[in-house]
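Here is a short report for a reader new to this structure. Take a look at the sequence and the model, then read on.

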Amino acid sequence: MSGAYQMTPLAEAHPGMVLGEVLRDEKGNMLLAQGVVLSEGMLASLARHGVDMLPILAAGRPASAIDPARVQGRLDRVFRKHEGGNDDDWAIGILRQYVEDFRLGREVQR
Amino acid sequence: MSKLSPEQLALDVRDLPSLPAVVMELLSNIEQENIDISVLAKKVSYDQALTAKTLRLANSSSLGLQVKVATIQQAITFLGFQTTRNLITAAAVTGCFPNGRCPGFNDKAFWRHSIATAACSRSLARRLRFNQDVAFTAGLLHDIGRLVLVSGHPQAYGEVLAWRAAHDAEWLDAERAMLGVDHVEAGVALAEHWNFSDTMRQAIAWHHAPETAGAGFLAAIVHVANAVVHALDLAGEEDELAPALSSVAWSAMGLNEEAYLDLFRETEQQLEEMSAILMA
């Protein structure tokens, strides 16, 4: 890990970003370790702790140049034995959907 | 070619380079808490290469230590005994097998897959309140039987690679077709020779068949982690193949999509960091 990070306002931080440095509160107590992948719950908790800036790892920012066709093509290749999905194969179908959402940077609908 | 027998596998594992005695001790007692830690720290520190690799892992950023540790005893103090034991095992096992004996066998891809499965198994275990250290080690060693086969029969394993490529098949099928045995049997033989705990043996034995009665929950965790890592396409193999995924094992995890997306991120991040150290 390069350790290069950028101080980013909490309002601009998203789940999935990675902390490039240890995060402490005003008293110096550690809130989150370096390398932690931020989740929605963590961001909400940080807001409650009065944190307004986060050291976000540059590489942890969502990639801007995702090529959906390339992602789909590669997934088709990796999942080539599971095309057309039968009833016994439903779990691998869900896994593929999750990996697709992950690779394409889709937000989870809840 | 002639097929291998279980007896031959038992001989193969005896010919393998042995792990440091202290690591054998750690693997056989992995579920025990009451080990004399100061004796362990001393024994490990006699092995300089093992100590250096373990300390690099301990100081990697994913473990979030505030201070740099310089001795095994310090690592145990700051990270805890279980985590340190984990790191020692990973450092030892990844350095145990010689690389490059079988042309066409991608050692790097093998270890990337194993390290990613270890990280993924540990993250799954954390969410499921299962022993994370046992899960990590089981994930790391789940396919170790492949290295037993490659090390003992490099030429024959070359034919496995060719058969798999020609049939676009899974490893298990290719191994059974060409060798008459598979990496699961070889892994179990090694687990017995290295005196792994019963839980670890079960996980190696059933990670492709977690629905088998008595397979145990750890086998289900490793089964799902293995599928996730193949699906994430992390090993760097052009012909990567998502394996069959047991719906029973998947359901047993009981996780939602948000949890899986976090799991994917953690797995990718830890793979890059750990592989940089373990495969150096």
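## Where two helices meet

B:Val228, B:Val229 and B:Leu232 of α14(B) meet B:Leu263, B:Phe264, B:Thr267 and B:Glu268 of α16(B). Two residues are in contact if their C-beta atoms, placed from the backbone, lie within 7 Å. By class, this contact of α14(B) with α16(B) has five nonpolar, one polar and one charged residues. Ala, Val, Leu, Ile, Met, Phe, Trp, Tyr, Cys and Pro count as nonpolar; Asp, Glu, Lys and Arg count as charged; the others, Gly among them, count as polar.

The axes of α14(B) and α16(B) come within 11 Å and cross at roughly 75°. Axes are lines fitted to C-alpha atoms, for helices over the stretch in contact, with angles from 0 to 180 degrees between N-to-C directions. The two helices α14(B) and α16(B) are therefore roughly perpendicular to each other (65 to 115 degrees).

## About the model

This is a predicted model: local features need pLDDT of at least 70, side-chain atom pairs count only at pLDDT 80 or more, and totals for chains, interfaces and linings use all residues. Residues are numbered from 1 along each chain as its sequence is written, while chains are lettered from A and ligands numbered from 1 in the order in which they are written.

## Chain B overall

Chain B has 16 helices and zero strands. Both are DSSP runs numbered from the N terminus: helices are H or I, at least four residues, and strands are E, at least two. The C-alpha trace of chain B spans about 55 × 45 × 35 Å along its principal axes.

Of the 280 residues in chain B, 50% are buried (20 or more other C-beta atoms within 10 Å of the residue's own, with C-beta atoms placed from the backbone).

## Two domains

Chain B is assigned domain 1 (1-17 + 100-280) and domain 2 (18-96). Such bounds come from an automatic or database domain assignment. The C-alpha centres of the two domains of chain B lie 23 Å apart.

In chain B, 21 residues of domain 1 are in contact with 23 residues of domain 2. On the domain 1 side, α7 (107-127), α8 (132-141), α13 (198-206) and α16 (257-278) of chain B each supply at least two residues. That side divides into 13 nonpolar, six polar and two charged residues.

## Facing chain A

Chain B puts 26 residues in contact with 26 residues of chain A. On the chain B side, α14 (217-232), α15 (247-253) and α16 each supply at least two residues. The most come from α16(B), with ten residues. By class, the chain B side has eleven nonpolar, seven polar and eight charged residues.

Technical notes
Angles under 35 degrees count as roughly parallel, over 145 as roughly antiparallel, 65 to 115 as roughly perpendicular and the rest as oblique. A residue is buried if 20 or more other C-beta atoms lie within 10 Å of its own, exposed if 12 or fewer, and partly exposed in between; C-beta atoms are placed from the backbone.
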